[in-house]
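Subject: Structure handover

Hello,

Here is the structure you asked to take over. My notes on what was found in it follow below.

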Amino acid sequence: QVQMVESGGGVVQAGGSLRLSCVASGRTLINVDMGWYRQAPGKEREFVAMTRWSLRGYNSEYAHSAKDRFTISRDNAGNATYLEMNSLKPEDTAIYYCNVHVPGPVPVDLWGKGTRVTVST
């Protein structure tokens, strides 16, 4: 059974930076997608960034709101992902959830418990 633990959230002023980490345990996660979603108060969960597995390595994808400010990375073993967030805005305030997506005929999505990010003005 895979478990993901997020860390790195906190309170930061607008314009500041944070680095989120997600470490998975329980099985090797090389050939799966791993990334981040977030849920702001009163809103639905939304996609932020993802590392998608391919035979040629991991490809990064970003939501429009995250492009040019956030950088996602993945460790070589595939079991951890990191989200470097710069130039944070109050609208980035949310709970950030780590996601593991196992593609296939019956896709599976696994979620961490989340880490809270608050960006103050």
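Cysteine 22 and cysteine 98 form a disulfide, with 2.0 Å between their sulfur atoms. Please keep in mind throughout that the model is predicted. The structure holds one disulfide, and the pair links distant parts of the chain. Cysteine 22 sits in strand β3, residues 18-25, while cysteine 98 sits in strand β9, residues 94-102, and 76 residues separate the two. The torsion about their S-S bond is about -80°, so the disulfide is left-handed. Is each of the two cysteines buried or exposed? Cysteine 22 has a relative accessibility of 0% and therefore counts as buried. Cysteine 98 is buried as well, with a relative accessible area of 0%.

Threonine 115

Threonine 115 belongs to strand β11, which covers residues 115-120. Its relative accessible area is 10%, and because the cut-off for buried is under 20%, threonine 115 is buried. A polar atom of the threonine 115 side chain lies 3.1 Å from the backbone nitrogen of glycine 9. Glycine 9 is also one of the residues in contact with threonine 115 once neighbours within four places in sequence are left aside. For a distance across the sequence, take methionine 4: methionine 4 and threonine 115 are 111 residues apart along the chain, and their C-alpha atoms are separated by 11 Å.

Arginine 52

Arginine 52 is in strand β5, residues 46-54. With a relative accessible area of 25%, arginine 52 is partly exposed. Which side chain does arginine 52 meet in a polar contact of 3.0 Å? The partner is the side chain of aspartate 33. Apart from neighbours within four places in sequence, the residues in contact with arginine 52 are Asp33, Phe47, Gly57, Tyr58, Asn59 and Glu61. Arginine 19 is 33 residues from arginine 52 in sequence, and the C-alpha atoms of the two are 20 Å apart in space.

Asparagine 86 counts as partly exposed, at 29% relative accessibility. The side chains of asparagine 86 and serine 17 are joined by a polar contact of 2.8 Å. Not counting residues up to four places away in sequence, asparagine 86 touches Gly16, Ser17, Arg69 and Phe70. Arginine 74 is 12 residues from asparagine 86 in sequence, and the C-alpha to C-alpha distance between them is 18 Å. Serine 87 is partly exposed, at 40% relative accessibility.

Positive phi values

Most residues other than glycine have a negative phi. Serine 87 is not a glycine, yet its phi is positive, at about 50°. Aspartate 68 is not a glycine either and has a positive phi of about 75°. Aspartate 68 lies in the loop between β6 (57-62) and β7 (70-74). At 83% relative accessibility, aspartate 68 counts as exposed. I would start with these two residues if you are checking the backbone.

The largest pocket

The largest pocket has a volume of about 180 Å³. Of the 13 residues that line the pocket, Arg38, Lys43, Glu46, Glu91 and Asp92 are the closest to its centre. How many residues of each class make up the lining of the largest pocket? There are eight charged residues, three nonpolar and two polar.

Regards

Terms used. Residues are numbered from 1 along each chain as its sequence is written. This is a predicted model: local features need pLDDT of at least 70, side-chain atom pairs count only at pLDDT 80 or more; totals for chains, interfaces and linings use all residues. Side-chain values use heavy atoms; hydrogens and water are left out. A disulfide is a pair of cysteine sulfur atoms within 2.5 Å. Helices (H or I, at least four residues) and strands (E, at least two) are DSSP runs, numbered from the N terminus. Buried means under 20% relative accessible area, exposed over 50%, partly exposed in between (1.4 Å probe, protein chains only). A polar contact is a pair of N or O atoms within 3.5 Å; within protein, one must be able to donate a hydrogen and the other to accept it, and residues adjacent in sequence count only if both atoms are side-chain atoms. Contact means heavy atoms within 4.5 Å. On a 1 Å grid over the protein atoms alone, a cavity is a set of points where a 1.4 Å probe fits but cannot get out, and a pocket is an open set with protein on both sides within 12 Å along at least five of seven lines; lining residues have an atom within 4 Å of a point. Grid points are joined across faces, edges and corners, and a volume is the space filled by probe spheres set on the points. Ala, Val, Leu, Ile, Met, Phe, Trp, Tyr, Cys and Pro count as nonpolar, Asp, Glu, Lys and Arg as charged, and the others, Gly among them, as polar.
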